[in-house]
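Have a look at the structure first, then read on.

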Amino acid sequence: MAFELPSLPYDQSALEPYVSAQTMSYHYGRHHAGYVTNLNRLAAGTEWESAELQEVVRGADGAILNNAAQIWNHTFFWRSMSPGGGGDPSGAMRAAIEEAFGSVDEFRSQFAAAAVGLFGSGWTWLVADDRGLEIMQTPNADLPLRHGRRALLVVDVWEHAYYLDYQNARAAYVEAFLDHLANWEFAAQNLAAG
C-alpha cells in the first residue's frame, strides 16, 4: 500500500488573502507532495512499507520518520485552518482555554510568542493531555504524538509556509492565522475526541 497525498479540505485559493493560492501550490503541491514521494521511496522494502502513517510516525526513526511526520503534520495543519476561521473559540474549547491560560487573550499572546519565537523551522501546537491544555513547540518534523500529547491545533512556522506572502514577517503570518484562519471547530473536535 503506497502512502498517498491527502486531498486538501478546501480549494487552494480558499484561504486568500491570508494564504495565497501560490503559497498553497508550493506548500501543498511541492513540499507536502515531496514528503509523500520520499516516504514511499524510503519505506519500499522495509517494515514500514505497508504500515499506517500514524504507526510509522510512532515507531520509525531517521529519514523515514522525518518524511512520515511531515506528512502527518501538514495534513493536520491544513485542517487547522479554514476559510472564515480565526477569532475566538466558543463552547467547551473556549472553556478549556480559559481554564488553562486564564483568558483567550492570554492564550493568543502565549501562542503567538511561541510561534514567533521558535528558532528555525518547526511547529507550534495547542495540545492536550491528562493535565489539560498547553502550548508546545516542536522543531523540524517533530510532533506531539511522539511525546504523549494529543494535538488540537497547529501553525506551521517553516519559512515555506509563509515566505511568499509575508517574507520574513513571521509575526504578521501568525497574527493572520489566529485572526482569520484558525479552525476552532476542528480543535474542538480534537478536544472532544480525547
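Which residues in helix 4 meet which residues in helix 5? From helix 4 it's Arg-94, Ile-97, Glu-98 and Phe-101, and they meet Val-104, Glu-106, Phe-107 and Gln-110 in helix 5. Keep in mind that this is a predicted model.

**The helix pair**

- Sorted by class, the contact of helix 4 with helix 5 has four nonpolar, three charged and one polar residue.
- Helix 4 covers residues 91-101 and helix 5 covers residues 104-117.
- The two pack with their axes 8 Å apart, at an angle of about 70 degrees.
- Angles of 65 to 115 degrees count as roughly perpendicular, so helix 4 and helix 5 are roughly perpendicular to each other.

- Three strands make up an open sheet, in the order 2-1-3 and with antiparallel pairing.
- Out at the edges sit strand 2 (132-139) and strand 3 (150-156), each of which pairs on one side only.
- On average, and ignoring direction, neighbouring strands of this sheet are turned by 25 degrees against each other.
- Strand 1 (residues 122-129) pairs with strand 3 in the antiparallel sense, over six bridges.

**Helix meets sheet**

- Back to helix 4: besides packing with helix 5, helix 4 lies across strand 1, strand 2 and strand 3.
- Helix 4 runs at about 80 degrees to strand 2.

Notes:
Residues numbered from 1 in each chain as written. Predicted model: local features only at pLDDT ≥ 70, side-chain atom pairs only at ≥ 80, totals over all residues. Heavy atoms only, no water. Axes fitted to C-alpha atoms, helices over the stretch in contact; angles between N-to-C directions. Helix = DSSP H or I, 4+ residues; strand = E, 2+ residues; numbered from the N terminus. Parallel < 35°, antiparallel > 145°, perpendicular 65-115°, else oblique. Contact = heavy atoms within 4.5 Å. Nonpolar A, V, L, I, M, F, W, Y, C, P; charged D, E, K, R; others polar. Pairing = 2+ DSSP bridges.
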